[in-house]
Amino acid sequence: MRLPITTVLSLSALAALVLTGCSTGSTTSAEPASPTTAAPRKVGSNTAASAPLSSAALSKRLLDESDLGEGYSRKPQRPATHDDVTVIGCPALAKLGSSAATGTGLSFPRQAKASFTYAGGSDSEVSEVSEELYSDTATKLSQGIGEIFDAMTACPTYQLVSGTIVIDMGTKQTAAPDLGDEQWSQLLTYAVGGQRSVVKQTAIRTGTILVVLSGAPALVDAHLADAVQAAQAR
């Protein structure tokens, strides 16, 4: 049993798991993440827009099945949940409070989201990838996402607990591609029910838009540049 990637992590959750349900499918084995040197964040001069965009405008810049290619299917968006999640072993993350731990840590009202499954691989495994777009001033976007990424990567291992469910987490900061104005990227290892899987999460700020892809590492790497390019479209 494993938690779906798009249930485990959405951008607004960055600090938590939404502990609802399980899905079938194989898992990706990995050893617990270990401390790593933080990849430098690059501040560039690319600009997507001079003012924040509305949620409706952001939704038009999300990738869709035609952008992703054959084998992708869009998933219905899950309603927001407010599970009681406790962080153990990571004071920096616990300090952010229950709002971060239940998926409401980023309070940007202008947002758009889409999640997809991919069944086009050479085996029977179904992978997932999710995209989230946020818009606000460059300063607010940078501070908001930076605070959560810093808190998560401050602890190479920790646990998330909800009721009787205990999830062992590991984080490892990784280098992000040279896109947009600022970049953040990490690998998250989560283990529950005797199974272990790895999720990659990369955030790119381009002007007043924040692009975040989360999911199977290969899918995130394959579609990140296209997501940033679509977000920059005018």
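Colleague: How many aromatic pairs does the structure hold?

Modeller: Rings of Phe, Tyr and Trp (its six-membered ring) pair if their centres lie within 6.5 Å. This is a predicted model, where local features need pLDDT of at least 70, side-chain atom pairs count only at pLDDT 80 or more, and totals for chains, interfaces and linings use all residues. Residues are numbered from 1 along each chain as its sequence is written, and side-chain values use heavy atoms, without hydrogens and water. The number of aromatic pairs is two.

Colleague: Is the pair of F108 and Y134 stacked or edge-to-face?

Modeller: Planes under 30 degrees apart count as stacked, over 60 as edge-to-face and the rest as tilted. The ring centres of F108 and Y134 are 5.9 Å apart and the planes stand at 65 degrees, so the pair is edge-to-face.

Colleague: Are F108 and Y134 buried or exposed?

Modeller: Buried means under 20% relative accessible area, exposed over 50%, partly exposed in between (1.4 Å probe, protein chains only). Both F108 and Y134 are buried.

Colleague: Where is the kink in α7 centred?

Modeller: Helix α7 covers residues 217–232; helices are DSSP runs (H or I, at least four residues), numbered from the N terminus. The bend at a residue is the angle between axes fitted to the seven residues ending there and the seven starting there. The kink is about 45 degrees.

How values were computed: Helices (H or I, at least four residues) and strands (E, at least two) are DSSP runs, numbered from the N terminus. The expected span of a helix is 1.5 Å times one less than its number of residues.
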